[in-house]
Number of protein chains: 2
Amino acid sequence: MTAETLDTPRGGEMVDSDFLKQLAAVIRAEDSYGQWDDKTDADIMAEFILTKDERREIPIIGDPDPDVMWRVGKFYDAVGLLIEKRSGCMASQMQKMSHEGFGRIVLIAGKLVVVSKHLRDIHRFGFETWAKLAEAGDKMVTSAVDTIDKYPEAARG
Amino acid sequence: MTAETLDTPRGGEMVDSDFLKQLAAVIRAEDSYGQWDDKTDADIMAEFILTKDERREIPIIGDPDPDVMWRVGKFYDAVGLLIEKRSGCMASQMQKMSHEGFGRIVLIAGKLVVVSKHLRDIHRFGFETWAKLAEAGDKMVTSAVDTIDKYPEAARG
């Protein structure tokens, strides 16, 4: 039993997901010189995984790390791009973060708020498994596309 | 003629405007100890007026002054509160400012973006006259209420 647990890679099994592919592409877009060409998607997204133990060790006092804010930004960039692919509506991101790691992120298409997420403990932004990361992104995209379908005029307004 | 010009108060004649009353109220809300009770609305809003000469003297290099950001925030707080009074929809503010004084401000009611303003040269945020300040606020409120009337479901969604 112990051996089995130890054998499981960090983040569990990689899953096949449009969102994870989009997130990897967003990160690779910053790699102008192809230095990460040898790395797998799991390598370049490794920091989005946060095990239970790792999570506990991160203090939630003080300003969130710029690295965390970068990851949060990339996560919502990927959500926005996938929304655009599926709906044709460009979604732009706005963040409002306090210094204590509380805040709100919205994605806006036209006059429509297609994603609105209140964040807390942003210091601990991360997902236990690839499956959970993929699910969080895919769910947000699906819900955003549903919102656009419901208010198409506002989304294009 | 010269005498007449000199006699005109800074900002021109005060005008009667719901927006200016709301803005003054927003500012007075911070005066917990009533220290500004003796001041007129024109006194407490004086910094929203920027004459042509004053504008020219403000450099637009570097980070905008915290005072400017405070004024921008109060301006949009007043817009938001007046939108709420007229439509019943609460509008919350989100800003996205770069370090160079460029940015975007939105007011969001439900799922609807009721005000969206791209800002530049925020260092020079201000209005030549009370009439122009009032007009800028009133126009934004009217347009926001029109948007809510057009997409009532999204605004309450």
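## Aromatic residues

In this predicted model, the residues A:Phe19, A:Phe75, A:Tyr76, A:Phe125 and A:Phe127 come together as one aromatic cluster. A pair of aromatic rings is described by the distance of the centres and the angle of the planes. When the whole structure is searched, 10 aromatic pairs are found over all chains. One of them joins B:Phe75 and B:Tyr76 in an edge-to-face arrangement, with 5.0 Å from centre to centre and 70° between the planes; both B:Phe75 and B:Tyr76 are buried.

Another edge-to-face pair is made by B:Phe125 and B:Phe127, whose ring centres are 5.5 Å apart and whose planes are at 85° to each other. B:Phe125 counts as buried because its relative accessibility is 10%, and B:Phe127 likewise counts as buried because its relative accessibility is 15%, the cut-off for a buried residue being under 20%.

## Nonpolar cores

The largest nonpolar core holds 82 residues, and the members that touch the most other members are A:Phe75, A:Val114, B:Phe75 and B:Val114. A:Phe75 also belongs to the aromatic cluster described above. Leaving aside residues up to four places away in sequence, A:Val114 is in touch with A:Ile83, A:Ala91, A:Leu107, A:Ala109, A:Ala144, A:Thr147 and A:Ile148.

## Relation of the two chains

Chain B is superposed on chain A by a rotation of 180° with 0.0 Å of shift along the axis, and the RMSD of this superposition is 0.0 Å. The two chains are therefore related as by a two-fold axis. Within chain B, the C-alpha nearest the axis belongs to B:Leu112, and it lies 2.5 Å from that axis.

## The interface between chains A and B

Contact between the chains involves 16 residues of chain B and 16 residues of chain A. Because 100% of the interface residues of chain B are also interface residues in chain A, the copies meet through the same surface.

The size of an interface is often given as the accessible area lost when the parts come together. Between chain B and chain A the buried area is about 1,500 Å², and carbon and sulfur atoms give 61% of this area. On the side of chain B, the residues B:Met94, B:Lys111 and B:Tyr151 supply 38% of the area that this chain buries against chain A, which is more than any other three residues supply.

As for polar interactions, six residue pairs are in polar contact between chain B and chain A, counting pairs in which both residues are at pLDDT 80 or more, whereas the count of salt bridges between chain B and chain A is zero.

Notes: Residues are numbered from 1 along each chain as its sequence is written. Chains are lettered from A and ligands numbered from 1 in the order in which they are written. This is a predicted model: local features need pLDDT of at least 70, side-chain atom pairs count only at pLDDT 80 or more; totals for chains, interfaces and linings use all residues. Side-chain values use heavy atoms; hydrogens and water are left out. Rings of Phe, Tyr and Trp (its six-membered ring) pair if their centres lie within 6.5 Å; planes under 30 degrees apart count as stacked, over 60 as edge-to-face and the rest as tilted. Buried means under 20% relative accessible area, exposed over 50%, partly exposed in between (1.4 Å probe, protein chains only). Copies are superposed by least squares on the C-alpha atoms of residues with pLDDT of at least 70 in both. Contact means heavy atoms within 4.5 Å. A nonpolar core is a set of buried Ala, Val, Leu, Ile, Met, Phe, Trp, Tyr and Cys residues joined through side-chain atoms within 4.5 Å. Buried area is the accessible area (1.4 Å probe) that two parts lose on being put together, summed over both. A salt bridge is a side-chain nitrogen of Lys or Arg within 4 Å of a carboxyl oxygen of Asp or Glu. A polar contact is a pair of N or O atoms within 3.5 Å; within protein, one must be able to donate a hydrogen and the other to accept it, and residues adjacent in sequence count only if both atoms are side-chain atoms.
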